[in-house]
Amino acid sequence: ARSKAASGDRTGAIDDAARAVLLRPDDPWVMVAAGDAVATLDPVAARGYWNRALYDLEGQPVPPAGIAWVHRRLARLDDGEGHGANALRHWRSLLALRPDNSEAKRRIDELTGGNTP
């Protein structure tokens, strides 16, 4: 899916991502990869894959960095689409997992006008 996306094959990339998810529906990392592959081509599908991965990962013994990765992807997507409240929620979740994340700190300050709770 990623190589097809990189080569401009939108339909092939979206189809391959969906096929990967069908083959490995219980693997949240496949969801993350599928979302990554289609993020610029189909943001709605990417959001769905990443949300599903986040839901699955939060119940597993996964290093916080893995969950933080997914929150960062969702925060950036929401930021790019102008969904400030959703982006803020993901930035805050990311910062709770990775207190040293400067991007999350900066975006929280920008979105709240510097009124970080």
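Select Val21 first. In this predicted model, and leaving out residues up to four places away in sequence, Val21 touches Val30, Met31, Ala34, Tyr49 and Arg52.

Now widen the selection to the core around this residue. Val21 is among the residues that touch the most other members of the largest nonpolar core, together with Val38, Tyr49, Trp50 and Val70. That core has 20 residues. Which elements give two or more residues to this core? They are helix H2 (10-23), helix H3 (28-38), helix H4 (43-57) and helix H5 (64-80). Colour each of these helices separately before going on. A general point applies here: in soluble globular proteins, nonpolar side chains tend to be buried together.

Next, select Ala87, Leu88, Trp91 and Ala104. These residues are included in a second, separate core, which has 9 residues.

Go back to H2 and H3 and hide the rest. How do two packed helices get described? By the angle between their axes and the distance between the axes. The axes of H2 and H3 come within 9 Å and cross at roughly 175 degrees. Angles over 145 degrees count as roughly antiparallel, so H2 and H3 are roughly antiparallel to each other. Show the side chains where they meet: Ala13, Ile14, Ala17, Ala20 and Val21 on the H2 side, and Val30, Met31, Ala34 and Val38 on the H3 side. Sorted by class, this contact of H2 with H3 has 9 nonpolar residues, no polar ones and no charged ones.

Now select the loop between H4 and H5 and find Val62 there. Is Val62 buried or exposed? Its relative accessible area is 17%; the cut-off for buried is under 20%, so Val62 is buried. Not counting residues up to four places away in sequence, Val62 touches Trp29, Leu57 and Ile67.

Finally, show the whole chain as a cartoon. The chain has 7 helices and 0 strands. Its C-alpha atoms fill a box of roughly 45 × 30 × 20 Å along the principal axes. For 117 residues, a compact globule would have a radius of gyration near 13 Å, and the 15 Å of this chain agrees with that. Colour the buried residues: they make up 39% of the 117. Among contacts with a separation of 6 or more, 42% join residues 24 or more positions apart.

Conventions. Residues are numbered from 1 along each chain as its sequence is written. This is a predicted model: local features need pLDDT of at least 70, side-chain atom pairs count only at pLDDT 80 or more; totals for chains, interfaces and linings use all residues. Side-chain values use heavy atoms; hydrogens and water are left out. A nonpolar core is a set of buried Ala, Val, Leu, Ile, Met, Phe, Trp, Tyr and Cys residues joined through side-chain atoms within 4.5 Å. Buried means under 20% relative accessible area, exposed over 50%, partly exposed in between (1.4 Å probe, protein chains only). Helices (H or I, at least four residues) and strands (E, at least two) are DSSP runs, numbered from the N terminus. Contact means heavy atoms within 4.5 Å. Axes are lines fitted to C-alpha atoms, for helices over the stretch in contact, and angles run from 0 to 180 degrees between N-to-C directions. Angles under 35 degrees count as roughly parallel, over 145 as roughly antiparallel, 65 to 115 as roughly perpendicular and the rest as oblique. Ala, Val, Leu, Ile, Met, Phe, Trp, Tyr, Cys and Pro count as nonpolar, Asp, Glu, Lys and Arg as charged, and the others, Gly among them, as polar. The radius of gyration is taken over C-alpha atoms; the globule rule is 2.2 Å times the number of residues to the power 0.38.
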